[in-house]
Amino acid sequence: MSVVQSRKLLNIISLMGIAVTISLSIYFYRLGVFDDMNSLQQLVGQSPIAGPLIFVLIQIIQVVIPIIPGGISLAAGVLIFGPYWGFVYNYVGIVIGSLILFLMGRQYGKPFIMHLVSDKVYQKYNHWLDDPRFDKLFTLAILFPVAPDDALCLMASLTNMSFKKYSAIIFLAKPASIFLYSLALLQGGALLEKLLLH
């Protein structure tokens, strides 16, 4: 197989992957899993094997196509599966989604990225791309849940960062941000519930 044929095949596979992701997004949206915790719980809580797989798939989708704020699905994972397995499923789904984002950004370039990243966010972090400290800034942004992770993952694909280094940063830095984000949302939810009940 020639290089041109290989690229065509990769493009076809990528487009098929995008089509499947969009189709599943529409399906899950119609089921109400993106805006109703009960619908999500019913969908993923029915089977001890299929449930976690579906939840991981939903997490991958929400990273690649940001339909809902990631924090909501993070909290949902912990509430549905408990703190340990909820963390594991959140981590697996978000890491896979983040790797896909980088590969898509590298494959389709800036025009594609500008469709997924708002102009405001892009302009805010655009100066990072030319900064020699980009790797460190990106690592800190992934480590601490204070920046738009998904947008930065896409923007990282525009730099000369290797996929190997990007993957290492995602694998090592994501657990801390997932834990902190989940903890903050759960604690905030518990506090809000106490205030409403008293």
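Read along the sequence, the predicted model follows the pattern α-α-α-α-α-α-α-α-α. The protein has nine helices and zero strands. Helices (H or I, at least four residues) and strands (E, at least two) are DSSP runs, numbered from the N terminus. Residues are numbered from 1 along each chain as its sequence is written.

Of the 198 residues of the protein, 39% count as buried. Buried means under 20% relative accessible area, exposed means over 50%, and partly exposed lies in between (1.4 Å probe, protein chains only). The protein exposes about 11,600 Å². Carbon and sulfur atoms supply 68% of that area. Accessible areas come from the Shrake-Rupley method with a 1.4 Å probe, and for residues only the protein chains shown count as cover. Among contacts between residues at least 6 apart in sequence, 71% join residues at least 24 apart. A contact means heavy atoms within 4.5 Å.

The UniProt record, an unreviewed entry, places the feature "transmembrane region" at residues 9-29, 49-81, 88-108, 137-156 and 168-192. UniProt positions are given in the numbering used here, feature names are shortened, and annotations may be inferred rather than shown by experiment. Over residues 88-108 the chain is 100% helix and 0% strand. The end C-alpha atoms of this segment are 30 Å apart.

The largest nonpolar core holds 40 residues. Such a core is a set of buried Ala, Val, Leu, Ile, Met, Phe, Trp, Tyr and Cys residues joined through side-chain atoms within 4.5 Å. Trp128, Phe134, Phe138, Cys153, Tyr166 and Ile170 touch the most other members. The elements that give two or more residues to this core are H3 (50-64), H4 (70-81), H5 (83-116), H6 (119-125), H7 (134-143), H8 (149-156) and H9 (163-197). The largest share, nine residues, comes from H5. Not counting residues up to four places away in sequence, Ile170 touches Val95, Ser98, Phe138, Ile142, Cys153 and Pro175.

Helix H8 is mostly covered. Seven of its eight residues are buried. These are Asp149, Ala151, Leu152, Cys153, Leu154, Met155 and Ala156. Ser157 lies in the loop between H8 and H9. At 5% relative accessibility, Ser157 is also counted as buried. The C-alpha atoms of Ser157 and Phe102 are separated by 5.3 Å, although the two residues are 55 residues apart along the chain. Neighbours within four places in sequence aside, Ser157 is in contact with Phe102, Gly105, Arg106 and Ile113.

The structure holds three salt bridges. A salt bridge is a side-chain nitrogen of Lys or Arg within 4 Å of a carboxyl oxygen of Asp or Glu. The side chain of Lys174 pairs with that of Asp149, the closest N and O atoms being 2.8 Å apart. This pair links distant parts of the chain, with Lys174 in H9 and Asp149 in H8, 25 residues apart. Lys174 is buried, with a relative accessible area of 3%. Asp149 also counts as buried, at 14%.

A salt bridge also joins Asp135 and Lys165, with the closest N and O atoms 2.7 Å apart. Asp135 lies in H7 and Lys165 in H9, so the pair ties together parts that are 30 residues apart in sequence. Asp135 is partly exposed, with a relative accessible area of 25%. Lys165 is partly exposed as well, at 40%. The side chains of Arg133 and Asp131 also meet in a salt bridge (2.9 Å, N to O). Asp131 counts as buried at 17% relative accessibility.

The largest share of the patch, three residues, comes from H9. Leu140 is found in H7. Leu140 is partly exposed, with a relative accessible area of 47%.

Notes. This is a predicted model: local features need pLDDT of at least 70, side-chain atom pairs count only at pLDDT 80 or more; totals for chains, interfaces and linings use all residues. Side-chain values use heavy atoms; hydrogens and water are left out.
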